[in-house]
Amino acid sequence: MKILVVGSGAREDAICKSLLKNDDNTVFCAPGNDGMKLSGIKTISINEDEFDHLTNFVQTNNIDYTIVGPEEPLVNGIVDFFKERKLKIFGPNKLAAQVEGSKTFTKKVMADANIPTAKYREFTDLESAVEYLTVEASFPTVIKADGLAAGKGVYIVQDLNEALEVVSELLDGHKFNTKRVVIEEYLDGEEFSLMAFVDHKRFYPMPLAQDYKKIFEDDKGPNTGGMGAVCPVNNISDDIRQMAIDQVLKPFVHQLYQENIKYTGILYAGLILTKDGIKVIEFNARFGDPETEVVLPRLKSDLSDIFVKILNHKKIAEINWETKGLNLGVFAVSQGYPQQPIFGSLGKVADFKNCPLTINFAGVRKQDDELISNGGRLYLMQTQADSLSHAQADIYQNLQRMNQENIFYRRDIGKNSI
């Protein structure tokens, strides 16, 4: 099969690598990045928002189907654009992608399906938000930009002054082009991620993963796009996973179907286990990043076959996953990330080629015989091991061998999964 993957990050690198496990597949990534080329992924210099150019490439090169990695093209209607031209594409259409594009849309679906989530209020004007925060809110509280913010639009604020600063940034300064905010109760507990392949009312859950969002050790500092992940999550039991499937995934998928929203693609549930049970933090309309980088390496079935079956609405008898050990991934990010990334050399290309562990590349470019930083999150190093301690030792020893001058990484990824 000839397959196009749309996107440029470590998630798309992981999708491509999983598809290439089938030797019969030829995989292209648009636009991809220079690091991907080191493992033989064919990158195409078409940006993810250039729908015309992407469809022309697909038609000219007889691509069998396309997979969309990032959320922005999904929310902007790439699936509808391809389908109008009778081209096969894996992902939710523009209406269904509101699952991620509009927090208020998703809150309503959850309410209709009786899915437990945080209590919330929504605001479009600053004055009303300030009055609510001053008079009614209890702290800490959570403020979310209602739209896409590359994983950085969620703020846990500790007091009124911090809350007023954030809502002013969002509703007055329109950070992330925000026109509406959701203010919701702070939930305390163990967070975890559950992704599933979805084919209208059928869905196929993946193993649980856990993402580490905060920039510093012990979950301190601002949120990032994700500093690393682990799969499976040893401190979340199989019973809790089944509860998440029964109480969250199943009713959500069925509610969408009942509302005539025929969802095809990946559904991501960001969940938290509180003292009152499982609650939903967020839904996303695509593979999580960095969860994908530790979940897909555990897939024993052929990923391309899964995509084909779902695109043709054929039932999948079974999807096989690795059941032993765990997979751990740690992101190397630019110094100064997420506020002001500082760019520079990441080391010789040979250092990356000679690394014995899997590297999924994100914000990098090649210059002469070096890789140079070209974004906030640079590359994720990933390994599989029989225990967390072995996985951590393996990754941190190999990360230490890389050029340290312009990178930063957390040294406690996986700490909750003991």
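Predicted model: local features only at pLDDT ≥ 70, side-chain atom pairs only at ≥ 80, totals over all residues.

Student: Which other residue stands opposite I372 in strand 22?

Tutor: S345 does. Strand 22, residues 370-373, is joined to strand 19 by three bridges, and the two run antiparallel. Another facing pair is G347 with L371 of strand 22.

Student: And how many bridges pair strand 21 with strand 22?

Tutor: Four bridges, again in the antiparallel sense. These two strands form a hairpin with two residues between them. In the turn, D368 has a positive phi of about 60°.

Student: What is the order of the strands in the sheet?

Tutor: The order is 19-22-21, in an open sheet of three strands with antiparallel pairing. Strand 19 (345-348) and strand 21 (364-367) are at the edges; each has a single partner strand, so one side of each lacks a neighbour in the sheet. On average, neighbouring strands here are turned by 25° against each other, direction ignored.

Student: What holds strands together in a sheet, in general?

Tutor: Strands of a sheet pair through backbone hydrogen bonds, in either a parallel or an antiparallel way.

Student: Let us change topic to helices. At what angle do helix 6 and helix 9 pack?

Tutor: Helix 6 (residues 103-112) and helix 9 (residues 238-258) pack at about 105°, and their axes are 9 Å apart. Angles of 65 to 115 degrees count as roughly perpendicular, and the two helices are therefore described that way.

Student: Which residues make the contact?

Tutor: Helix 6 contributes T106, V109, M110 and D112, while helix 9 contributes F252, Q255 and L256. Sorted by class, the contact of helix 6 with helix 9 has four nonpolar, two polar and one charged residues.

Student: One more residue, please: T292. Where is T292 found?

Tutor: T292 is found in helix 10, which covers residues 291-295.

Student: Does T292 count as buried or exposed?

Tutor: T292 counts as buried, because its relative accessibility is 0% and the cut-off for buried is under 20%.

Student: What does the side chain of T292 reach?

Tutor: The side chain of T292 reaches the backbone oxygen of G288, at 2.4 Å. Leaving aside residues up to four places away in sequence, T292 touches R11, A14, I15, M195, F287 and P297.

Notes:
Residues numbered from 1 in each chain as written. Heavy atoms only, no water. Pairing = 2+ DSSP bridges. Axes fitted to C-alpha atoms, helices over the stretch in contact; angles between N-to-C directions. Parallel < 35°, antiparallel > 145°, perpendicular 65-115°, else oblique. Contact = heavy atoms within 4.5 Å. Nonpolar A, V, L, I, M, F, W, Y, C, P; charged D, E, K, R; others polar. Buried < 20%, exposed > 50% of the residue type's maximum accessible area, 1.4 Å probe, protein only. Polar contact = N/O pair within 3.5 Å; in protein donor to acceptor, adjacent residues only side chain to side chain.
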